[in-house]
Number of protein chains: 10
Amino acid sequence: MNTAIVQVRCSRDLIPETAEAMAALEGVAEVYSVSGDWDLIAIVKVKAYDDIARVVTERLVKVPGIMRTHTISAFRVYSKADREAGLNFGER
Amino acid sequence: MNTAIVQVRCSRDLIPETAEAMAALEGVAEVYSVSGDWDLIAIVKVKAYDDIARVVTERLVKVPGIMRTHTISAFRVYSKADREAGLNFGER
Amino acid sequence: MNTAIVQVRCSRDLIPETAEAMAALEGVAEVYSVSGDWDLIAIVKVKAYDDIARVVTERLVKVPGIMRTHTISAFRVYSKADREAGLNFGER
Amino acid sequence: MNTAIVQVRCSRDLIPETAEAMAALEGVAEVYSVSGDWDLIAIVKVKAYDDIARVVTERLVKVPGIMRTHTISAFRVYSKADREAGLNFGER
Amino acid sequence: MNTAIVQVRCSRDLIPETAEAMAALEGVAEVYSVSGDWDLIAIVKVKAYDDIARVVTERLVKVPGIMRTHTISAFRVYSKADREAGLNFGER
Amino acid sequence: MNTAIVQVRCSRDLIPETAEAMAALEGVAEVYSVSGDWDLIAIVKVKAYDDIARVVTERLVKVPGIMRTHTISAFRVYSKADREAGLNFGER
Amino acid sequence: MNTAIVQVRCSRDLIPETAEAMAALEGVAEVYSVSGDWDLIAIVKVKAYDDIARVVTERLVKVPGIMRTHTISAFRVYSKADREAGLNFGER
Amino acid sequence: MNTAIVQVRCSRDLIPETAEAMAALEGVAEVYSVSGDWDLIAIVKVKAYDDIARVVTERLVKVPGIMRTHTISAFRVYSKADREAGLNFGER
Amino acid sequence: MNTAIVQVRCSRDLIPETAEAMAALEGVAEVYSVSGDWDLIAIVKVKAYDDIARVVTERLVKVPGIMRTHTISAFRVYSKADREAGLNFGER
Amino acid sequence: MNTAIVQVRCSRDLIPETAEAMAALEGVAEVYSVSGDWDLIAIVKVKAYDDIARVVTERLVKVPGIMRTHTISAFRVYSKADREAGLNFGER
């Protein structure tokens, strides 16, 4: 599973509508209204890494109300399960 | 469920160790190594809102290697389920 | 009581009117005209944490003149009373 | 009453202690641990404007753990009471 | 005497006119065209602290050509005279 | 092929040595000394997306002289060949 | 060979089209859609240094959809081959 | 008369002492403790423009406690007197 | 001779024309198209310091295509000749 | 002739010494003490573009007192002579 965190600034009077429209997109797991510099944060989860480009540069651009996005790519996920299994993270 | 997104900068030579130590904390759902200005992002999920302060200002500060954090609070979550149920978002 | 601090930039010729309109909203305790990068700061105080989203993303957006907001969530309040009582802050 | 909002960055492992020490100072009404770029925000309320300098540049500097502060001055407060009284804001 | 330093960005083709209009306002002591991020800096000097709000949020907004302002409040003035008098700065 | 662009700030007196050490790493295609805010930029090219984490958070951290990195992930590459082939970019 | 790295922000609904148009330009080796503050990054490779100005200030400005660019010049390239040859980097 | 506005960040526990030491320097008209990103602002007024360099890069650097300065040069002053005299600002 | 360095952002499709128009102005010694956040940099050299205001706030504003400028004042020039003369920079 | 503009931050108590040492370097035409975020600006002029790397990443790093540099590359110079000759700027 590949993950990206997309920070979104949208039209001030369309925050809930934009959030709902984003949440309905395939590949978008959750959308939050948030504190700070951005209005919304979407968690994108897709099977193939190439699909992040598809969600971010092709699907999100069709959601009305989005004015600007800033995408953060996740390289690797760390979880409680890994730790309990004493998982070896590669060549370290 | 209350959610916070914690961006973390840590000692350059301790990124995987810091990530694992954070992932092991109660209240931390997932930790990602990420692109951009920060080294790691932790997704914090707690039942009571007050527990965010406990995780962020009391537990995370004990993880060696963390140099600086920037926390984003989620106000509300938007999901596919809400939309399908035609959920009414309050007084709009 | 949950608190949020909302920094607001508004139309330059509507600062007092915007401030008064914000001060009249339910959940807004005080509004200040301020020095620095923002024109106004509102202190939001609500009983349920979920109401912050309601005030910030639903009510404030209806105030004409507001151009941009930046919300800061308060996690915990520290007061003189706590200190005098020798209050124990959880698991530290 | 004159108000200032003081944003504080402090030693990561001293956040609750610094907050309590600040809250105990004369002239400090409330201290919050907060989301975003700063660790703590203090609301300073003093009778004479000159006392803001005293609190910010003389008392706060004695609190161990504070690394940097950014002070915002409030010029005027807008409240529900003013509005209800149909208060006239000066020469506008 | 209370002092504020107001940094101003104005329409590029109206810099001298905006500067003159600002200089003519009651409460504005001097206006400078300046190097750096801002076009003009005004030094505001008023007797009562409350008048800073009046100058900044009510009078300056009526000057055509001003696009954005950033106000810095002075808390206390230090002068050669104070030093020569061996003035005691309060409780230090 | 997956690509990442890593911006690097390093010890001022070790720029050529750091650049050479980075260029020697498996997965690093090219290193440039550059204008602007950063000292060096490395182009990382790896077959599996997961290897970006390996190069950035495990191998680069062992290069002495690197003080800070900022990684940009490439989502998709656009080339002259694609255009000439009239390539269809997915579901648009 | 002279290299420049051009970061591009473009109209949100024209990202793939802008990327393809840029990739077709003479002097542009590759274009990537990317994470972070910018939408696209183009790698420009030209024989004569003067041609960078031609590509950046004359050709790229004709691509519709580009709103802003930020160009980084590469001063020198470091490669695995140089290292293996024990290349002497000038007067160090 | 040539004017410069010098913003100063100083050691947190030396703000009043640094302010007094700066105010005592020849060429420094006034020093203010201020709101915002900087601790102090000094107004430098000298007869010859070359003296600004002397005050800023030679005298101020000897004041203990100053950590960083940011100088703004004033190009021209606009005053009420000019306006009343119907002063002609050069070749416009 | 007084020097100022003026950074300019201009309309994307008018970079060479704006550069030529600036270069033709009296007081402008050279104009460069540049890497980084700005499109052009002009080196202004004038005999009297007051002329910098004339060039920057009166002449440059008439050049079509300029959107924003950021001026840096030079306080003093250091040259090889000074050094060879064993010039003493003492505490002037 | 290739030109680069190097912005320099140096140790506060070594500004004139650092400026002189930089001015003495081969390839450095002029050094200015300046207003704004940086302490010094050096104009580098070299015959071959590759020499910019030599001056910036190899010679400047040996000057004691320099803490950080930010280099801007000039792509093309525009001068009064070009304009008078009715010079044609390439393929526009």
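Chain B superposes on chain A through a rotation of 180 degrees with 0.0 Å of shift along the axis, at an RMSD of 0.0 Å. That is the relation of a two-fold axis. The superposition is by least squares on the C-alpha atoms of residues with pLDDT of at least 70 in both copies. Of the interface residues of chain B, 100% are also interface residues in chain A, so the copies meet through the same surface.

The model is predicted: local features need pLDDT of at least 70, side-chain atom pairs count only at pLDDT 80 or more, and totals for chains, interfaces and linings use all residues. Residues are numbered from 1 along each chain as its sequence is written, chains are lettered from A and ligands numbered from 1 in the order in which they are written, and side-chain values use heavy atoms, without hydrogens and water.

Strand β4 of chain B (residues 66-78) has 10 of its 13 residues buried, so it is largely enclosed by the rest of the structure. Buried means under 20% relative accessible area (1.4 Å probe, protein chains only). Strands are DSSP runs (E, at least two residues), numbered from the N terminus. Two strands pair if DSSP finds at least two bridges between them. The pairings of β4(B) are as follows.

| Partner strand | Sense | Bridges |
|---|---|---|
| β2 of chain A (residues 28-34) | antiparallel | four |
| β1 of chain B (residues 2-10) | antiparallel | seven |

In β4(B), B:A74 is the bridge partner of A:V34, and B:S73 stands opposite B:A4.

In chain E, E:I66 lies in strand β4 (residues 66-78). E:I66 is buried, at a relative accessible area of 11%. Its contacts (heavy atoms within 4.5 Å) include C:R12, E:V8 and E:L60, leaving out residues up to four places away in sequence.

How values were computed
Buried means under 20% relative accessible area, exposed over 50%, partly exposed in between (1.4 Å probe, protein chains only).
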